[in-house]
Amino acid sequence: MSKQQYQTPRGTRDVLPADQPYWRFIRNTSEKTLEGVGFSKIELPHFENAEIFTRGLGEQTDVVQKEMYLLEKRGEDETIQYSLRPEGTAGLVRSFIQNGMSSWSQPVRLFYEGAMFRRERPQKGRYREFYQIGAEIFGDESAQADYLIIMSAWEILNRLGLKNLTVYANSIGCPKCRPKYMAKLKKYYKDHLKDLCPDCQRRYETNPLRLLDCKEEKCKIIAKNAPTTLDSLCSDCKSHFQSTLEYLDYFNIKYDLDPLLVRGLDYYTNTVFEIVEKNDRGRQSTLVGGGRYNGLVELLGGPATPAVGYSLGMDRIVNLLKEQEINVPKIEGVEICILQLGEKAKEVSKEIFDALSKQDINVYFVPSDEGLRQQIRTAVKLGAKYAAIIGQQEALKDEIILRDLSASSQEIFPTKVLIEEIKKRLSKCSRP
Ligand code: HAM
């Protein structure tokens, strides 16, 4: 019988050790940047009641219509339909309400990180299991919050060293000005209905705002001359968006206004934005998407609470770090191995191991009876920079041989100065 070779499901992949430095670099940089401007981390479940998404993201969105992974109803969960999370915002809003965060000191600034699941057609940069880092501010309707959100995403990408980035921004108004705009939009599209793709003909009835960002060439041409949301904003929305842009100008964050940017989820109000990488070949990859969603907390059963946020796509950022050949910090790994020969040396080695570990030095020590040559081979394989070699003679004389494994040179030190010497050498050659 031939053996079955199992594969990862379509649109998912293993993140192998060789790629871990990229993921860690993104995680560490994002956490440091976000914690540095007042955000705290929160962890959320990977599956939630599906209604959070159907109501929150909108019944007619592609994510809800085509892309959610619904779980089987069974046993005690028979009455509730669960779904793997297709995004993080709606789940965080559920958590905001459930944990009574409206009584916390406002604004509440939170970030999360983890896998999201959408049944999309996989291609480069688009996966069925993908990873996001998201940041959200609750309880602050000021333009400063919009600025802080855009700035922190921009700052993360800059600290990662990414180039060729553009911020696209738009405002899609509020429940006060949106209905008037929708009427204008439908009026414009009425005459073009027969020229639209079948999806857009459906959208005309179900979700007209999405007519603006259809990727079909013939629909793009029609969208170009459609009335813009910016021309229909009420005075509050206009001045809020104006202030957001002034903050971006003041802090020198370059942006382009994109009147066709409406985003794919229904919860957005006011500011929407994306950060996109554009290379010489004109290819675009959207790294970050976000905006305001002032109605979502209330829609999901909480008190009226303004909110704004974004998610950045870690998978696409990993791809871009590689494409732009950006050096990412290496994972430190083993810094020093203790190699020993003889009983007395084993005893001393344990003491040295404890002393080095206490200094936060990555030390590998597995007492073995192998010969020195074999032990050195193991240390080199582990990628250690140094070996501390203790033979019977050194153990008796309270000395240690410190061997630089890449230079193949070595020196003898009294045991008591060894730690200082190693600390000195490690900070000199590897620690940033
Ligand atoms: P989104 O635009 O659906 O927004 O996703 C945000 C980012 O996640 C995208 O710009 C992209 O980088 C990445 N992404 C989305 N889908 C995939 C996929 N199938 N494969 C790889 N990467 C993907 C949201 O998810 C909103 N929750 C953002 C938000 C937060 N708005 C307000 N707060």
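By class, the shell around the ligand is made up of 9 nonpolar, 10 polar and 7 charged residues, where Ala, Val, Leu, Ile, Met, Phe, Trp, Tyr, Cys and Pro count as nonpolar, Asp, Glu, Lys and Arg as charged, and the others, Gly among them, as polar. What we are looking at is a predicted model, in which local features need pLDDT of at least 70 and side-chain atom pairs count only at pLDDT 80 or more, while totals for chains, interfaces and linings use all residues. Residues are numbered from 1 along each chain as its sequence is written, and side-chain values use heavy atoms, with hydrogens and water left out.

Let me stay with the ligand. In total 26 residues surround the ligand, and the closest are E87, E120, Y127, E136 and Y268; a residue is near if one of its heavy atoms lies within 4 Å. As for polar contacts, meaning pairs of N or O atoms within 3.5 Å, a polar side-chain atom of R263 lies 2.8 Å from a ligand oxygen, a polar side-chain atom of R118 is 2.9 Å from an oxygen atom of the ligand, and for an N or O atom in the side chain of Q132 the distance to a ligand oxygen is 3.0 Å. Taken alone, the ligand exposes 660 Å², of which the protein buries 95%, with areas from the Shrake-Rupley method and a 1.4 Å probe.

Which strands supply at least two residues each to this shell? They are β5 (129–138), β9 (284–292) and β10 (307–313), and β9 gives the most, with 6 residues; strands here are DSSP runs of E with at least two residues, and helices are runs of H or I with at least four.

These strands also belong to an open sheet of 8 strands with mixed pairing, in the order β1-β4-β5-β10-β9-β8-β6-β7, and the edge strands, each pairing on one side only, are β1 (40–41) and β7 (255–257). Two strands pair if DSSP finds at least two bridges between them; β9 and β10 run antiparallel and are joined by 5 bridges, and V288 has L312 in β10 as its bridge partner.

How values were computed: A polar contact is a pair of N or O atoms within 3.5 Å; within protein, one must be able to donate a hydrogen and the other to accept it, and residues adjacent in sequence count only if both atoms are side-chain atoms.
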